[in-house]
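Here is a short report on one helix and on the charged side-chain pairs. Read it alongside the structure.

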Amino acid sequence: MTILCVRFQLPPAREAALPELLGLLEDFTPVVEALPPDGALADLRGAERYFGCSAVELASVIRVRALAHHGVDCVIGAGPGPVLARVALRAARPGATCVVPEDAVAEFLADRPVTALPGVGAATARILCEYGLDTLGRVAAAPLSTLQRLVGARAGRELREKANGVDRGRVVPNAVACSLATERSFGRDELDPDRHRGALLSAAEELGSRLRAVDKVCRSLTLTVRYAGLPRSRTGGAPPSTTRSRTLKEPTAHSADLARAAYGMYDALGLQRARVRALALRAEGLTSADQASHQLTFDPADDRARRIEEVADRARAKFGPRAVMPGRLAA
């Protein structure tokens, strides 16, 4: 087992800690690929030789260090390749590393649902299940021509290879987390849509300020609405929630653009008298602001808003994040 897939159990408010946790993995190997918002892949081939330990033994050390230094538990899957490590992660539990045995890959995969394979979404799974291909074992045994007819030539070939345990992936070093997130929680379950929109505006302004502080822009925005209610299972889990994503018209760090996108996703949900416990926004697909283009609008109001943002950012940098009251920059 040379590849680990690690998911740190980070609450949304602490997703900014991911770079520090990636540094913990980099103490063992330089080949670390971030999987924002809370995960990473680590290739431990060199570490196994250097430390004289197996990847599973090193996984135990990583878990202990994450708890000791950051107060964060983690779930870990191990496998001969990145795809198999991610499959193992989905079957893993906190406190124990789930391993895909190198000499029994087919047996490990055989009884797992097709959705356990990374890249198989709901639409593909529905098509496969309609033809009785509901497990990876059945997909592996299906004729290649059948799979290609169902999901396409290239996708069918890749699907059959992965279901048979052929993992051609590799870990691509990627030390920079590609997202930023923030959450607004209510003191009590909130029914008022105006309060919801106010929380979204505040979250959008915070994200915009954080993006501008690191000279980044984002390509997409994700909204998560957490509702009041009990966990879905008696064994634990989170209360019910809804998540929506939207690709922005252009990469941006402009708070008003982020707020408009957040409002659009919220309105599209059509929530009526929903008891909302928290709202979270995540800016994804971060790139350098220097490499992004901005479509000129010749709109004096837009230019004015951007100048106000610059002034507000300087005030926050000098006097702290509370120097500008939330909700004063965008509408």
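Just after helix α11, glycine 270 takes a positive phi of about 60 degrees. This comes from a predicted model.

Helix α11 itself covers residues 255-269. At 1.5 Å a residue, its 15 residues should span 21 Å, and the end C-alpha atoms are 21 Å apart, so expectation and model agree.

Is the helix enclosed or open? Eleven of its 15 residues are buried, so α11 is largely enclosed by the rest of the structure. Among the buried residues are Leu258, Tyr263, Met265 and Tyr266.

**Salt bridges**

The whole structure holds twelve salt bridges.

| Arginine 45 | Aspartate 43 | 2.6 Å |

Arginine 277 is partly exposed at 33% relative accessible area. Aspartate 189 is partly exposed too, at 27%.

Aspartate 43 is buried, at 8%.

Aspartate 257 and arginine 260 both belong to helix α11, three residues apart, about one turn. An α-helix has 3.6 residues a turn, so residues three or four places apart point the same way. Aspartate 257 counts as buried at 19% relative accessibility, because the cut-off is under 20%. Arginine 260 is partly exposed, at 44%.

Elsewhere, salt bridges with shared partners join Arg184, Glu206 and Arg210 into one network.

Conventions. Residues numbered from 1 in each chain as written. Predicted model: local features only at pLDDT ≥ 70, side-chain atom pairs only at ≥ 80, totals over all residues. Heavy atoms only, no water. Helix = DSSP H or I, 4+ residues; strand = E, 2+ residues; numbered from the N terminus. Expected span 1.5 Å × (residues − 1). Buried < 20%, exposed > 50% of the residue type's maximum accessible area, 1.4 Å probe, protein only. Salt bridge = Lys/Arg side-chain N within 4 Å of Asp/Glu carboxyl O.
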